[in-house]
Amino acid sequence: MRLLYGTTNPAKLDAMRRLTQSLGLIIDGPADVGLTVPPVDESGRTPLDNAVLKARACYAAWGQPVFSCDSGLYFDGVADDEQPGVHVRRVGGRELTDAEMIAYYGGLSARHGGRLIGRYRNAICLVMGGGRIFTAADDTLSTEPFILASRPHPHVTPGFPLDSLSVDIATGQYYNDLSEKTLAQFAVDRGCLAFFSGVLAALNPPH
């Protein structure tokens, strides 16, 4: 089964390809098939709101089965006006670069003692056409809690800048030092696999 992933982030595309290859899915990015992601007004209040907005907009533009993901970042003990929520990359009304994100969130952590506890809440929406829309936004798509450090790891993965500030609570290691096997055990990966497994079962019921 071939699906389009409505993202321009190459790191997210590569991660999704690795995650779903065991299911036999072929994941294409828009650039792989000569498409351009349409502008989307990501005005939703939750990750699911924005995932649905993006997937619907991409399907309307391309007319092909497409899915989109969205995330919100939430910290323990942080006032509402400092919570990133669904605006992880948008601060002060503009999109931050990877370097600006590291500087901003490193500073936020420093203001809170250098050990903020955070969690990503994620959502996914797949539009197949013919009225078939699949969504998920439950706790299986949330990451494990992690520590947001104030000092970044020297390596930065383009598209995933906050991994250079994220520290695994269990091991005390930066995410950028964890093996792919360890990262694959995080709840969000299990949730994505369960989502796509459910979609495949719904689309190909046993006879």
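1. Salt bridges join Asp14, Arg17 and Asp32 into a network. The model is a predicted one. Arg17 belongs to helix 1, whereas Asp32 sits in the loop between strand 2 (26-28) and helix 2 (47-62); the two are 15 residues apart and link distant parts of the chain. Arg17 is partly exposed, with a relative accessible area of 29%. Asp32 is partly exposed as well, with a value of 46%.

2. How many salt bridges does a search of the whole structure find? The count is nine. One of them is formed by the side chains of Arg90 and Glu42, at 4.0 Å from N to O. This pair, too, links distant parts of the chain: Arg90 is in strand 4 (residues 90-91), Glu42 is in the loop between strand 2 and helix 2, and 48 residues separate them. Arg90 has a relative accessible area of 27% and is partly exposed. Glu42, at 26% relative accessibility, also counts as partly exposed.

3. Because Lys54 lies in helix 2 and Asp70 in strand 3, the pair ties together parts that are 16 residues apart in sequence. Asp70 also has a place in the strand pairing, where it stands opposite Ala123 in strand 6.

4. Strand 6 deserves a point to itself. Eleven of its 15 residues are buried, so strand 6 is largely enclosed by the rest of the structure. Strand 3 runs antiparallel to strand 6, and ten bridges join the two. Strand 6 is also antiparallel to strand 7 (residues 132-136), with five bridges, and to strand 8 (residues 146-149), with four.

5. Cys125 has Thr135 in strand 7 as its bridge partner. Ile117 stands opposite Ile147 in strand 8, and Gly118 stands opposite Phe146 in strand 8. Strands 6 and 7 form a hairpin with two residues between the strands, and there Gly130 takes a positive phi near 65°.

6. Strand 8 is covered on both faces: Phe146 and Leu148 are buried on one side, and Ile147 and Ala149 are buried on the other. This arrangement can be read against a general rule: in a regular strand the side chains alternate between the two faces of the sheet. Strand 8 also pairs with strand 9 (residues 166-168), in the antiparallel sense and over three bridges. In that pairing, Leu148 has Ser166 of strand 9 as its bridge partner.

7. Which residues have the most contacts inside the largest nonpolar core? They are Leu3, Met16, Phe67, Ile124 and Phe196, in a core of 19 residues. At least two residues of this core come from each of strand 1 (2-5), helix 1 (10-20), strand 3 (66-75), strand 6 (115-129) and helix 5 (187-203). The most is given by helix 5, with five residues. Leaving aside residues up to four places away in sequence, Phe196 touches Leu3, Met16, Thr20, Leu23, Leu25, Phe67 and Ile124. There is also a second, separate core; it has 17 residues, including Leu96, Leu108, Tyr120 and Leu178. As background, nonpolar side chains in soluble globular proteins tend to be buried together.

8. The last point concerns Thr7, in the loop between strand 1 and helix 1. Thr7 has a relative accessible area of 14%; that is under the 20% cut-off, so Thr7 counts as buried. A polar atom of the Thr7 side chain lies 3.1 Å from the backbone nitrogen of Asn9. Not counting residues up to four places away in sequence, Thr7 touches Lys12, Pro30 and Val37.

Notes:
Residues numbered from 1 in each chain as written. Predicted model: local features only at pLDDT ≥ 70, side-chain atom pairs only at ≥ 80, totals over all residues. Heavy atoms only, no water. Core = buried A, V, L, I, M, F, W, Y, C linked by side-chain atoms within 4.5 Å. Buried < 20%, exposed > 50% of the residue type's maximum accessible area, 1.4 Å probe, protein only. Contact = heavy atoms within 4.5 Å. Pairing = 2+ DSSP bridges. Polar contact = N/O pair within 3.5 Å; in protein donor to acceptor, adjacent residues only side chain to side chain.
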